[in-house]
Amino acid sequence: MELVRTRAELAGLRAVGATTVGLVPTMGALHEGHLSLVRRARAECDQVIVSVFVNPAQFGPEEDFAAYPRDLPGDAELLAAAGADVLWAPTESDIYPPGFATHVVVDTVTDVLEGARRPGHFAGVTTVVAVLFGVTRPTRAYFGQKDAQQTVVIRRMVDDLALPVQVVVCPTVREADGLAMSSRNAYLTPEERAAAPVLHRALLAAVQAAGADPAGDAEPLRQLVRRTVATEPLVELDYASVADPGSLVELTTLDPARGALVSLAARLGHTRLIDNVLVEPGPGSGR
Ligand code: AMP
């Protein structure tokens, strides 16, 4: 595996004749969730490029940009073992050179959920992903269902701008107790870590209830998530959502033909975590 920094170095490594190039964009501090994307890319592409860039543009002024965990040597080891060909770890000026003046902003699907609570976050994400796509020119780009709204926003950008890349969304990888893997889990105290699985339990309770009443009202599901999370005093719910999985508009009534995205954000001390489970179209079932 090659470790490269600059756009120019990366361009030199783009394999001649590679018919499919897979890109896995990450912010590093890699865990099994990230590695599942890399392995999927490895299985489907001739060349696998993984970017590690903690993108300042997607953090709000009060957020954890400075504290965000960084471990490039550890990441490099994991990526080599997972079969990545190229680790691209650009500096800020490789991504945003002097004079950089372009922003990619997706409307509507960024107005709700994380977009409503983190102003500017998705503009930061879509701008950096557009740069990553432009530099690496991937055939396929791999994202995690863990960040469900991000996948909707990126698909919107790719469709609207007719970008020649196939977006692949991979299932959320969880710890044995159900907690979704996240680089931010490293912030949790032992007590918070013990309380955190309530998030997945709450989502599963809602999905189970949706399965029992697939055309029922959505609000009781949000209430069930709120009530379940409230059983853990260390966990402060930010929002519970039951939304259309495509438009992200909050549902009044479940539509078994479309399914639903059940999602939440919560604070445990200083750490903010998000998670979601899909109610699949057809007979209600989650993953
Ligand atoms: P991040 O480094 O947090 O920006 O994540 C990079 C990519 O890995 C994003 O597409 C995430 O959705 C994905 N990802 C993060 N955590 C998980 C997980 N637990 N399961 C699957 N994908 C994940």
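Analyst: Two strands pair if DSSP finds at least two bridges between them. Strands (E, at least two residues) and helices (H or I, at least four) are DSSP runs, numbered from the N terminus. This is a predicted model, in which local features need pLDDT of at least 70 and side-chain atom pairs count only at pLDDT 80 or more, while totals for chains, interfaces and linings use all residues. Residues are numbered from 1 along each chain as its sequence is written, and side-chain values use heavy atoms, with hydrogens and water left out.

User: How do you know that strand β2 and strand β3 pair?

Analyst: Strand β2 (residues 21-26) and strand β3 (residues 47-52) share 6 bridges in the parallel sense, and the definition asks for at least two.

User: What makes β1 and β6 edge strands?

Analyst: The open sheet has 6 strands in the order β1-β4-β3-β2-β5-β6, with parallel pairing. β1 (2-4) and β6 (166-170) each have a single partner strand, so one side of each lacks a neighbour in the sheet.

User: Why are α6 and α7 called oblique?

Analyst: Helix α6 (residues 121-136) and α7 pack at about 55°, with their axes 11 Å apart. Axes are lines fitted to C-alpha atoms, for helices over the stretch in contact, and angles run from 0 to 180 degrees between N-to-C directions. Angles under 35 degrees count as roughly parallel, over 145 as roughly antiparallel, 65 to 115 as roughly perpendicular and the rest as oblique. The pair α6 and α7 is therefore oblique.

User: Why are α9 and α10 called roughly antiparallel?

Analyst: Helix α9 (residues 198-212) and helix α10 (residues 219-229) pack at about 150°, their axes being 8 Å apart. α9 and α10 are therefore roughly antiparallel to each other.

User: What makes Arg-184 and Asp-64 a salt bridge?

Analyst: A salt bridge is a side-chain nitrogen of Lys or Arg within 4 Å of a carboxyl oxygen of Asp or Glu. The closest N and O atoms of Arg-184 and Asp-64 are 2.8 Å apart, and the pair meets that rule.
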